[in-house]
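I am keeping these entries as a record of what I looked up, in the order in which I looked. Each entry takes up one topic.

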Amino acid sequence: MEKKRTGFSAYLPLLIVNILVFTAAYLLFAVGFGDSSPVPFFAMFAFIQTSAIIAFALIRGKARSVPRHASKIVMGMTLLLLAGVMGHQNFQIEGFFYLLLAGFVGGPIVHFGMKVLGTLFTGRVWCSWGCWTAAVLDLLPYNKNTAWSAKPWKHLRYLHFALSAVVVIVTWFVLHHAMMSTNADPQLNWKESASSVYWIVAGNVLYYSAGVILALILKDNRAFCKYLCPVAVLLKGASAVSIVRVAPKSASCGGCRECEKSCPASIAVHSYVKANRRVASTECLMCLNCVAVCPEGNLRTNAGCGIAKERLTVSN
C-alpha cells in the first residue's frame, strides 16, 4: 500500500481552537480580572505549543517527535523552575488543594484552572505538549505496543488523588491552628513561603521515581499517567466532553493498526475508525501520533460534540 501524506489541514482544527482558548484566557485575565500578570506566560506557552504542533505536522520520520519533546521540556521546566522553585508556588496538585482551602487565587489555581478549561476544548493537550513529568518519562524506551493492564493498577490514581487531598487538609488544619494560637494570619500565602519549594521538589522526586519504577515493571513509558497521576483524575472529567478530538475521515481502513501501535495511551483507535466515530476516549493525550502515522492519511482532528466512550487495548 502506498502511504498517503497526512495534510497540514488535518491539524488545523486543533491549532485554531487552541489559539482561541489562549486568547480567551488573555482577555479574561487582562480585561475581565484586570490582572495581566499571567498573560506573558499564556503568550509564551501559546507560541511554544502552537509552533511545536506546526513543526510536528510538517516534519516526517522519526524526527517528528522532537518538537513535542521540546515543547514538554520548555513549557514544563519553565513553569516548574520559574513559577515553582524561584516563584515559591507549589504547582503540584497539593498546592492547588492548599490554595482552595486558603481561599487564595494564586498561580496553582490559574494553572489547574487552565488545564481543566483547556481540556474541555482541546482535550488533554497538556499531557503531551506541556507536562514536565511526561517530558522525562517519554524519554524511556517503552513506547511501542503498550496495553492497559487487566490488574487493578488503574485505581491507584484515584487513591493518590484522595491521599493528596487528605494530606493537605490535615496539614492545613494543623498549621491553621498553630498560626491562630500565635495570632498570625491564618490565610497562609505559599507564594511567599519557602515551604512550597520543599513540597514541589519532594513531590517531583516521588513522581519521577514512581513513574520510572512503574515504567520498568509494566514496560510502558506512560504507566504513571495511566495508573498513578492524580491530575488525570481532573482532566478525565473535562476530556469526556472535549470539543476537539481525533477523528477518521471515513470508515475505510486497511487494518494495519499503526494508529494503535503508536498510541502512548493504549487506545483502540482502530475500533473507532471502523465504527466511523471520533476517538472519544478520556485517556487520549492528544499526542497526534495516530494522525501522523496512518498510512492512508485517514485520521485528522475535528471539532464537534459528544460524550466519551472508552475503547482501550487491554492485555490478558
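Predicted model: local features only at pLDDT ≥ 70, side-chain atom pairs only at ≥ 80, totals over all residues.

Is W153 buried, partly exposed or exposed? I began with this residue and noted that W153 counts as partly exposed, because its relative accessibility is 22%, and the cut-off for buried is under 20%.

**Entry: the ring pair of W153**

I then looked up the partner of W153, which is Y227: the ring centres are 6.3 Å apart and the planes stand at 50°, so the pair is tilted. W153 lies in the loop between α7 and α8, while Y227 belongs to helix α10 (residues 223-227), and the two are 74 residues apart, so I noted this as a link between distant parts of the chain.

**Entry: other aromatic pairs**

How many aromatic pairs does the structure hold? I found twelve.

**Entry: salt bridges**

The count of salt bridges came to nine, and I looked at several of them in turn. In one of them the side chains of K72 and D138 meet at 3.2 Å, N to O. K72 sits in helix α3 (residues 65-86) and D138 in the loop between α7 (132-137) and α8 (156-181), so that distant parts of the chain, 66 residues apart, are linked by this pair. I noted that K72 and D138 are both buried.

In another, K226 and D220 bring their side chains together at 2.5 Å, N to O, and here again I found both K226 and D220 buried.

The bridge between the side chains of K236 and E310 has an N to O distance of 3.8 Å. This pair links distant parts of the chain, since K236 is in helix α11 (residues 231-239) and E310 is in the segment after β2 (299-303), 74 residues apart. Is K236 buried or exposed? With a relative accessibility of 14%, K236 counts as buried, whereas E310 is partly exposed, its relative accessible area being 35%. I then checked what else these two residues belong to, and found that R124, R157, K236, E283 and E310 are linked in a network of salt bridges.

**Entry: a nonpolar patch on the surface**

Which residues form the nonpolar patch on the surface? I listed F8, L12, I16, L20, I54 and L58, which together have about 510 Å² of accessible area. The elements that give two or more residues to this patch are α1 (12-32) and α2 (39-58), and the largest share, three residues, comes from α1. I looked at one member separately: L12 is found in helix α1, and it counts as partly exposed because its relative accessibility is 33%.

**Entry: the surroundings of T122**

T122 is found in helix α5, which runs over residues 107-122. At a relative accessibility of 3%, T122 counts as buried. Leaving aside residues up to four places away in sequence, I found T122 in contact with L14, V17, N18, S242, V244 and M286.

**Entry: the chain as a whole**

The chain has 14 helices and two strands. Its radius of gyration is 20 Å, close to the 20 Å that the globule rule gives for 316 residues, so I noted the chain as being as compact as a globular protein of that length. Along the principal axes, the C-alpha atoms fill a box of roughly 75 × 45 × 35 Å. Of the 316 residues, 49% count as buried. Taking contacts between residues at least 6 apart in sequence, I found that 79% join residues at least 24 apart. The accessible surface comes to about 14500 Å², and 69% of this belongs to carbon and sulfur atoms.

Definitions and conventions. Residues numbered from 1 in each chain as written. Heavy atoms only, no water. Helix = DSSP H or I, 4+ residues; strand = E, 2+ residues; numbered from the N terminus. Buried < 20%, exposed > 50% of the residue type's maximum accessible area, 1.4 Å probe, protein only. Contact = heavy atoms within 4.5 Å. Patch = residues over 30% accessible without salt bridge, like charges linked within 9 Å, V, L, I, M, F, W, Y side chains within 5 Å. Areas by Shrake-Rupley, 256 points an atom, 1.4 Å probe, with all protein chains shown as cover. Salt bridge = Lys/Arg side-chain N within 4 Å of Asp/Glu carboxyl O. Rg over C-alpha atoms; globule rule 2.2 N^0.38 Å. Phe/Tyr/Trp six-rings, centres within 6.5 Å; stacked < 30°, edge-to-face > 60°.
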